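Subject: Two-chain model, handover and notes

Hello,

Here is the structure we talked about. Please open it alongside this note. My findings follow below.

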Amino acid sequence: MSLMPKFLIRQSYFRLVASLSGVFLVFQGLVWVLVSSIIEETLWEANIAELYSLTLELERGHLHDHGGDVLWGVGDNIDPSIRRAFMDGKCEGSFLPGFVHVFELYEAVFHVEDEDLQFEDSDEEEGSLAWGEIFEFAYEGESYIGEMSSDGQTLQYVAVKIDHQRERIEAVSAGIFFTTIVTFVSLVAISYVIALSSQRKVTKIQTVLSLLSDGNLSARCDLPPNNDDLSSIARRLDDALERLEVVTEQTRLFGKNLAHDLRTPLARLRASLEGSEKRHDDLTAALTEVDRIASIIDAMMRIARLQSEVSAASVTPLSLSSFAQRLYETYEPVLPERKTLLLEVDGDWVIRADEVLLEQAIANLLQNAIVHGGDYITLFTSNGVIGISDDGPGVLEDQFDEIIKPSVRLDPSRGEDGAGLGLAFVKAVADHHGARLVVEALTPRGIKFSLQFD
Amino acid sequence: MARILLLEDDAQLRKWVAKGLGEKGHTVDTFFSGAHALTAATQETYDLLILDRMVPDVDGLKLLKTLRAMGDKTAVLLVTALSGADERVEGFEAGCDDYMVKPFAFIELLARVGMLLGRSSEKASGTAARLAAGELSIDLLSRECFRQGQKIRLTSTEFKLLEYLMRNPKRLVTRTMLLEKVWGLNFDPTTSVVETHISRLRSKIDNPFEHKMIETLRGDGYVFDA
């Protein structure tokens with residue numbers, strides 16, 4: 001399983017939580033930046049204040065003992081290594097204008113024996129030079145901020161260790177960072193679990209829907225009772241299927257009984273016609289009519305059955321070329337003298353189909369072509385396609401959709417009985433197989449019916 | 001001739017079938033209730049049972065299943081108003097020997113009854129590589145046909161048709177039966193498939209000769225007689 005299964009990315013729940021988590025991450029990032037800078041600022045100001053008070057204490061000559069956290073020195077007592085550290089440190093803002101090269105000056109001060117050196121090019125008031133520069137520097141592995149100042153004669157410095165402050169800022173940052181990550185990971189994990197559980201429901205619903213589209217009305221989601229939206233959709237789907245199944249079953253039984261109720265009197269009628277002592281042409285014609293009615297009932301039942309249920313049981317791989325060849329052998333001799341059946345086989349394609357139904361459909365198309373079509377009828381097969389074309393008068397293009405509707409059989413203008421029903425049957429067979437019935441006009445004349453399988 | 005049990009709930013049809021079969025010399029016991037028919041079928045010996053599939057109380061299919069479960073192997077012709085392929089399969093799975101859809105011509109019933117009775121009295125000619133009838137013979141392996149020593153070229157359909165006729169000599173065979181057995185079609189392709197192929201077959205095996213082996217009976221049936 002890959003880290004992020006595909007189904008998760010398609011899941012709307014998961015998408016929602018993932019995008020919210022993303023927003024949360026960005027927001028936490030901003031909080032982190034803000035909080036860190038506020039803490040740093042506050043600490044900095046506190047340090048500055050402390051430095052000033054220390055400097056004051058130093059100037060007044062009574063610097064209290066602050067333990068190891070404070071470094072200080074005055075005049076010649078200044079340790080060269082401290083000086084070095086100051087010089088390698090970072091100057092944090094100048095309190096005196098134009099005092100950029102402060103250390104060069106201090107260098108000068110330290111190296112010149114004359115302690116009375118005056119800063120003549122300074123803007124400061126002569127003799128009372130009291131200036132400060134704040135430095136951040138490292139000394140013996142610890143971080144300090146310090147201030148160096150002078151009254152114009154003596155140089156002094158004082159510095160405070162800030163390592164524990166840094167640690168505090170880092171702890172706060174780490175805290176924010178850690179809680180962010182933990183929250184993010186738990187959000188993703190929780191949403192993953194929720195998504196998995198809802199995915200199971202979605203998968204179940206999808207399975208039921210696809211079974212339904214295959215005509216299986218007995219499929220149910222059967223999700224455990226739960227109040228979330230998916231469970232409620234599934235429950236409604238189950239309810240609807242329940243009702244649909246009942247109605248379909250009633251319709252099927254009704255059709256069955258109707259067929260039975262029609263066929264038995266027909267059988268009786270046929271029996272009395274056949275049993276009649278006086279046989280003459282009228283009786284023969286009546287018998288033919290009985291058979292015709294029976295075959296129309298048959299055709300209607302077949303269409304109804306095909307439309308109401310999809311049993312894939314008799315669907316097997318079928319080689320279109322040998323199937324077409326067999327149909328050709330069966331039906332070619334049947335054609336009236338003046339008509340010719342041609343066979344066009346383009347390659348050998350194997351489809352999955354119910355052979356008996358497909359033969360019935362092609363036989364219907366062929367019968368249509370014999371009755372309504374031209375003298376040359378073609379049985380053709382190519383890439384997943386099988387059909388019948390003829391060079392007859394055809395049908396007007398705007399009637400293509402109409403002629404395959406079962407209702408067209410009611411159109412008295414079609415004359416020959418069963419013709420419209422035949423095409424409706426072909427359409428039902430196509431639908432049953434998930435294939436398309438395509439009607440095309442041929443030039444200069446003729447019509448082509450193809451069953452196109454995927 | 002034969003003793004036949006007929007289960008049919010429609011009085012008129014029952015009378016018609018019984019009368020027709022009686023005229024052919026069969027003894028017919030008629031029943032309109034499945035329960036009574038079942039009792040009779042278990043107590044008496046019949047050569048053939050003709051069962052209507054949909055009758056009140058015990059229907060034909062249930063009766064058939066019960067009998068088969070009891071080990072009864074009497075030939076059964078199921079007569080029904082249900083024409084679907086599934087229902088046909090259901091009938092054969094229950095153990096019927098033949099299946100006929102209402103309404104039917106009497107000749108159809110007669111032909112099927114004849115075939116079923118013949119089946120139970122005669123052993124089929126088996127899987128011999130050669131079938132012979134009078135001056136006509138066919139080789140089932142090389143798919144060749146000879147009459148009076150002359151080789152006759154047949155298409156595969158014509159060969160199958162002839163083979164079926166030769167295996168059922170002197171017996172009425174109807175158009176519907178040929179469609180079912182030779183072409184494997186349980187629907188009427190609405191074209192004259194059977195008539196055309198019979199006529200082609202005739203033009204090859206009968207027309208050049210004096211004795212005609214394939215006879216047409218009342219339009220819908222054929223009898224092969226060497």
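Predicted model: local features only at pLDDT ≥ 70, side-chain atom pairs only at ≥ 80, totals over all residues.

Chain B overall

Chain B has 226 residues, and 40% of them count as buried. I also looked at its contacts between residues at least 6 apart in sequence. Of these, 57% join residues at least 24 apart.

Strand E1 and its partners

Start with strand E1 of chain B, residues 3-7. Four of its five residues are buried, so E1(B) is largely enclosed by the rest of the structure. Two strands pair with E1(B). Strand E2 of chain B, residues 27-31, runs parallel to E1(B) and is joined to it by five bridges. Within that pairing, B:Leu6 stands opposite B:Thr30 of E2(B).

One residue in E1(B)

Is B:Leu7 buried or exposed? B:Leu7 sits in strand E1 of chain B. It counts as buried, because it has 28 C-beta neighbours inside 10 Å, and the cut-off for buried is 20 or more. Leaving out residues up to four places away in sequence, B:Leu7 touches B:Phe31, B:Gly34, B:Ala37, B:Ile50, B:Leu51, B:Asp52, B:Val55 and B:Gly60. Take B:Ala37 from that list. B:Leu7 and B:Ala37 are 30 residues apart in sequence, yet their C-alpha atoms are 6.6 Å apart.

The cores

The largest nonpolar core has 109 residues. Which residues have the most contacts inside it? They are B:Leu5, B:Ile50 and B:Leu77. Helix H9 of chain A gives the most to this core, with nine residues. Apart from it lies another core, of 19 residues, including A:Ala85, A:Phe86, A:Met148 and A:Leu155.

B:Leu77 is worth a look on screen. Not counting residues up to four places away in sequence, its contacts include B:Leu48, B:Ile50, B:Cys96 and B:Met100. B:Asp97, B:Asp98 and B:Arg112 touch B:Leu77 too.

The antiparallel sheet

Chain B also holds an open sheet of four strands, in the order E6-E7-E8-E9, with antiparallel pairing. The edge strands are E6(B), residues 130-133, and E9(B), residues 150-152. Each of these pairs on one side only. Neighbouring strands of the sheet are turned by 20° against each other on average, direction ignored. E6(B) is joined to E7(B), residues 136-139, by four bridges, and the two run antiparallel. B:Ala133 stands opposite B:Leu136 of E7(B).

Where the chains meet

Between the chains, 31 residues of chain A are in contact with 31 residues of chain B. On the chain A side, the elements that give two or more residues are H6 (229-275), H7 (281-308), H8 (320-331) and H9 (355-372). H6(A) gives the most, with 12 residues. How do the chain A residues on this side divide, and how many are nonpolar? They come to 14 nonpolar, eight polar and nine charged.

Best wishes

Technical notes: Residues numbered from 1 in each chain as written. Chains lettered and ligands numbered in written order. Contact = placed C-beta atoms within 7 Å. Nonpolar A, V, L, I, M, F, W, Y, C, P; charged D, E, K, R; others polar. Pairing = 2+ DSSP bridges. Axes fitted to C-alpha atoms, helices over the stretch in contact; angles between N-to-C directions. Core = buried A, V, L, I, M, F, W, Y, C linked by C-beta atoms within 7 Å. Buried ≥ 20, exposed ≤ 12 C-beta atoms within 10 Å, placed from the backbone.
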